[in-house]
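Here is a short report for a reader new to this structure. Look at the sequence and the model first, then read on.

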Amino acid sequence: MARVYNFSAGPSTLPVSVLEKAGAEILDYQGCGQSVMEMSHRSKVFDDIIKDAEKLMRELYKVPDNYKVLFLQGGASAQFSAIPLNFMNGSGKADYIITGQWAKKAYQEAQKYGDVVAAASSADKTFSYIPKTKAEDFREDADYVYICYNNTIYGTKFNELPPVGDKVLIADVSSCALSEPLDISKFGVVYFGAQKNVAPAGLVVAIIREDLLGNARDITPVMMNYKVQADADSLYNTPPCWVIYICKLVLEWIKETYGDLEGMKAYNEKKAKVLYDFLDSSEMFKGTVVPEDRSLMNVPFVTGDADLDAKFVKESTEAGLVNLKGHRTVGGMRASIYNAMPYEGVEKLVEFMKEFEAKNK
Ligand SMILES: *Cc1c(COP(=O)(O)O)cnc(C)c1O
């Protein structure tokens, strides 16, 4: 069996050992005679799975006790609506920092529900940097400030949080979830779609400070009401049981392989470094992001020549390095090097880039 190195931005590569374990347990989960795909979400067996997943999530992210960890559906995009419906409930104002397409989509959705402004934006330079903000950039009475912490398409990351004071900070961490430690106490809400770094598609994890719950607008669809989900321990309706199970296996894999998120981060930094070092030394390939705001997870790069880019994508695919085509709004290439991408995969990519550069000078 030949597995490729998959640089897809999402859904994305999963650890081989996790897939093997899921495969081995697919017909009979730990002696219960059925698959996790088949069992009741109200069964004791599944209850243990979801509780273990929550426990591991709390442990790895060092989630403070006054935060709920919820397992939800609808993708990250459903949270674009759920967030204003649940949290834009004081002044009815919210401030968004626009650092790319996902932040912009969240911002546009929130505008349906209140007085929503862009406190800052990096649209002027194709989102190739994170805008610096000052406390005065945020409205005093904003119900929350919203950021997209790691910008999957453009390859930037907030390496410093915006100075929001005691305002509630909400972050979409979909594409950097569990890739490094995060001080959850600095946020009111952190959420992520699991298909980038944690599990197959179909699951969103939201970590929410408890005192923010319970003020959703009356019109909030019940499935989007975080309080309802919290009161039901994420079992208000049928959850994506199989995906939660894979999520649990991935969390176990992080713990067993890297110990904690510091260990995970060190590995991710090592991977990103070989690629960025090469980009900085190459005459042909250039990273598109200012060095200080570079993402550890998504690395866009270009040759500056669309035909050469297309040739690179074609030939890298043939070499078993797949899904390197850049997002349609940026062009060029993008390597997503999430937690489960092994160091060897990035090494292979860099070797391939070096050879391609030598051959196509
Ligand atoms: C992929 C992505 C989304 C959208 O996720 P869906 O689950 O497809 O709705 C939102 N935000 C970020 C940062 C993403 O990378």
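In the residue classes used here, Ala, Val, Leu, Ile, Met, Phe, Trp, Tyr, Cys and Pro count as nonpolar, Asp, Glu, Lys and Arg as charged, and the others, Gly among them, as polar. By these classes, the shell around the ligand has 4 nonpolar, 6 polar and 2 charged residues.

The model is predicted: local features need pLDDT of at least 70, side-chain atom pairs count only at pLDDT 80 or more, and totals for chains, interfaces and linings use all residues. Residues are numbered from 1 along each chain as its sequence is written, and side-chain values use heavy atoms, with hydrogens and water left out.

**The ligand site**

Which residues surround the ligand? They are Gly75, Ala76, Ser77, Phe80, Trp102, Cys148, Asn150, Thr152, Asp172, Ser174, Gln195 and Lys196. A residue is near a molecule if one of its heavy atoms lies within 4 Å of it. Helix α3 (residues 75–87) gives the largest share of this shell, 4 residues. Helices (H or I, at least four residues) and strands (E, at least two) are DSSP runs, numbered from the N terminus.

| Residue (polar side-chain atom) | Ligand atom | Distance |
|---|---|---|
| Thr152 | oxygen | 2.4 Å |
| Asp172 | nitrogen | 2.6 Å |
| Lys196 | oxygen | 2.6 Å |

On its own, the ligand has 380 Å² of accessible area, and the protein covers 87% of that. Accessible areas come from the Shrake-Rupley method with a 1.4 Å probe; for residues, only the protein chains shown count as cover.

**Backbone details**

Gly10 and Pro11 are joined by a cis peptide bond, with omega of about -10°. Pro11 sits in the loop between β1 (5–6) and α1 (16–24).

Two residues other than glycine have a positive phi. For Lys62, phi is near 45°. Lys62 belongs to the loop between α2 (44–61) and β2 (67–72). Is Lys62 buried or exposed? Its relative accessibility is 66%, so Lys62 counts as exposed. Buried means under 20% relative accessible area, exposed over 50%, and partly exposed in between (1.4 Å probe, protein chains only). For Thr126, phi is about 50°. The loop between β4 (115–121) and β5 (144–148) holds Thr126.

**Salt bridges**

A salt bridge is a side-chain nitrogen of Lys or Arg within 4 Å of a carboxyl oxygen of Asp or Glu. How many salt bridges does this rule give? The count comes to 22.

Asp47 and Lys51 form one of them, at 2.6 Å from N to O. Both lie in helix α2, 4 residues apart, about one turn of the helix. Asp47 has 23% relative accessibility, so it counts as partly exposed.

Another joins Lys93 and Asp141, whose closest N and O atoms are 2.9 Å apart. This pair links distant parts of the chain, 48 residues apart: Lys93 is in strand β3 (residues 93–98), and Asp141 is in the loop between β4 and β5. Lys93 is partly exposed at 21% relative accessibility. Asp141 is partly exposed too, at 37%.

Glu140 and Lys167 also meet in a salt bridge, at 3.9 Å from N to O. Here too, distant parts of the chain are linked: Glu140 lies in the loop between β4 and β5, and Lys167 in the loop between β7 (156–157) and β8 (169–172), 27 residues apart. Glu140 is exposed at 69% relative accessibility, whereas Lys167 is buried at 13%. Elsewhere, salt bridges that share partners join Lys157, Glu180, Lys265 and Glu269 into one network.

**A surface patch and a distant pair**

Ile26, Leu27 and Met37 make a nonpolar surface patch of about 320 Å². Patches are made of residues with over 30% relative accessible area and no salt bridge: like charges are joined within 9 Å, nonpolar side chains (Val, Leu, Ile, Met, Phe, Trp, Tyr) within 5 Å. Ile26 lies in the loop between α1 and α2. Its relative accessible area is 33%, so Ile26 is partly exposed.

Gln101 is in helix α4 (residues 101–110). With a relative accessible area of 18%, Gln101 is buried. Gln101 and Thr329 are 228 residues apart in sequence, yet 9.2 Å apart in space, C-alpha to C-alpha.

Technical notes
Polar contact = N/O pair within 3.5 Å; in protein donor to acceptor, adjacent residues only side chain to side chain.
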